[in-house]
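Please examine the sequence and the model shown below. The explanation that follows leads from a single position to the wider architecture of the two chains.

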Amino acid sequence: MDTLTTLLLTFISIVLINNLVFTKFLGICPYLGVSGRIDMAFGMGLAVTFVVTLAGTLTFLLDHLILIPMNLEVTRYVCYILVIAGAVQLVEMYLKKFFPALYDSFGIFLPLITTNCAILGLCLFINLWGIDNLLEAVVLSFGAGIGFTIAICIMAGIRENLDLADVPKPLKGAPITLITAGLLTLAFMGFAGMIR
Amino acid sequence: MTVIFTNIPATLLSVIAAQAGIQNLWHCAWPAAATMLALAFVFAMALLIASEKLKVRVDAKIEQVHKVLPNLDCGACGFPGCVQYAKAVINDTNLLGKCSPGGLKTAQKIAQILNLQISDSGPVKRPIVHCRAHTGDKTYLAEYAGILSCTAANALPTAHACKFGCLGFGDCTAVCKFDALHIIDGLATVDYNKCTGCGACVKACPRNIIEMVPFAHENMLTVACSNKETGKVTRQMCAVGCIGCKLCAKQSELFKVTDNLARLDYTKYAPSEKIETALNKCPTGVIVYRGPSAPEPRPAKKPKPAKA
């Protein structure tokens, strides 16, 4: 029961309170780039969720089974990038073979996840927050993906409606998007400090 | 140790120190290097096996066709992008000539890849705006202060006196991906050097005054008007409208006047003296050349003030 509560709290914490996009400002590039349409944003969110879960789990194992016993924590960044890039390649091949329709709809975004800093950030955060339980690390990684999906979908929903709004000319395009992102972040600041 | 080192010159000392440093560094670095190499090897192997196991056989022709396409993803062919068109054209040869930006050259290249012979599908199509009225030539019943889009203005019967001509709010320029359409002094004007013939503007115009015309020659003659009112009404509202006087139809059989509006038959179009005479005789100067090097049309006469 105790573990379950911890896991649930971890999940809610990473989704809402420590949301990677809103409070850590990670993964801003796809957050602004792919949030034009809500269906594409959702697809990107799912892809990130999948990769981040895989990468978080793999890097946790790598860290605890190889790097820490061998005193090689300095190589953490390079190793993590290696794991993430490999995982993305693997996912890409798998999707191409078994879900070609999904693969087509992801298009360029799937390889782009490799350079999504939210994923590397999450892997490093797991280490920084001193998570020493595999289950917790998996839940945290999955939650981070869900948090990203929520963030990007909210943004896409707002931007779809923003297209119809009469935005002042100097603010059209990127400026209003950035302002929207700032206001959204402010709204999510309300959760700050609820857990942890 | 220090006693021994004092007897040795300073340069030699630094060399030894550097060597010790490098050795020290090597002792620290080799486990890291070995781990990284091992990791990289493991991942490379995993990906190699995966790429063999999860290999997808893609028709090599798709790749080849995709290479010869212009890769503009303009959607003129009816598919979302060039990749989708490449996939479709391989299975259905009827789709061969659909790429208008690529034109005949691309069609021929695709045909070569697919081992097909194609006949000349005719000249490339380019849009012509069937209106030549600039701001000064038009008559306005009231000042329009609504949403600045042709579709919105077209919903109002009184936006312009002319119910057929160009509204000049630029719905067509907004959809043009190639910066080939501009509103110049209240009239949509095609930049034929940039136009790829994708036909997006034709769909965007709420008044349907843009037509895709086979450009058999560099510059094409056109009756730049869409007004179907009688000559008298047309004259009152536009300085350069077609009044349906049939003077051009008397000169050349290429002109046909229906509903008080002259039209050219582009299937038989060929430059001749007759149509030059028709151009010069046209009382309102509505017959004009359109094309990359089209001559300036005759200046419009002042519209006659409506009789009270």
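B:K246 is partly exposed, because 14 other C-beta atoms lie within 10 Å, a count between the 12 or fewer of an exposed residue and the 20 or more of a buried one. The model in which this residue is seen is a predicted one. B:K246 belongs to the loop that joins helix 9 (231-237) to helix 10 (247-251) of chain B. Which distance separates B:K246 from B:C282 in space, C-alpha to C-alpha? The two residues are 36 residues apart in sequence, and their C-alpha atoms are 9.0 Å apart.

The chain around this loop may be considered next. Chain B contains 11 helices together with eight strands. Of its 308 residues, 31% are buried. When contacts in chain B between residues at least 6 apart in sequence are considered, 60% of them link residues at least 24 apart.

A pair of helices in chain B shows how such elements are arranged. Two packed helices are described by the angle between their axes and by the distance between those axes. For helix 3 (residues 60-68) and helix 5 (residues 103-113) of chain B, the axes come within 9 Å and cross at roughly 165 degrees. Angles over 145 degrees count as roughly antiparallel, and helix 3 and helix 5 of chain B are therefore roughly antiparallel to each other. The crossing of helix 3 of chain B with helix 5 of chain B is right-handed. On the side of helix 3 of chain B, the contact is formed by B:K61, B:Q64, B:V65 and B:V68, and on the side of helix 5 of chain B by B:T106, B:K109, B:I110 and B:I113. By class, the residues of this contact between helix 3 and helix 5 of chain B are four nonpolar, two polar and two charged.

Chain A has another make-up: nine helices and zero strands. Of the 196 residues in chain A, 37% count as buried. Among the contacts in chain A with a separation of 6 or more, 81% are accounted for by residues 24 or more positions apart.

Which residues of helix 1 of chain A are buried? They are A:T10, A:I14, A:V15, A:L16 and A:I17, and helix 8 of chain A is included in what covers them.

The crossing of helix 1 and helix 8 of chain A is right-handed. Residues of helix 1 of chain A that meet helix 8 of chain A include A:T10, A:I14 and A:V15, while A:V139, A:G143 and A:I150 are among the residues of helix 8 of chain A in this contact. By class, the contact of helix 1 with helix 8 of chain A comprises 10 nonpolar, four polar and one charged residues.

Finally, the two chains touch each other. In this contact, 13 residues of chain B meet 15 residues of chain A. The side of chain B that touches chain A consists of 11 nonpolar, two polar and no charged residues.

Technical notes: Residues numbered from 1 in each chain as written. Chains lettered and ligands numbered in written order. Predicted model: local features only at pLDDT ≥ 70, side-chain atom pairs only at ≥ 80, totals over all residues. Helix = DSSP H or I, 4+ residues; strand = E, 2+ residues; numbered from the N terminus. Contact = placed C-beta atoms within 7 Å. Left-handed = near helix turned anticlockwise from the far one by under 90°. Nonpolar A, V, L, I, M, F, W, Y, C, P; charged D, E, K, R; others polar. Axes fitted to C-alpha atoms, helices over the stretch in contact; angles between N-to-C directions. Parallel < 35°, antiparallel > 145°, perpendicular 65-115°, else oblique.
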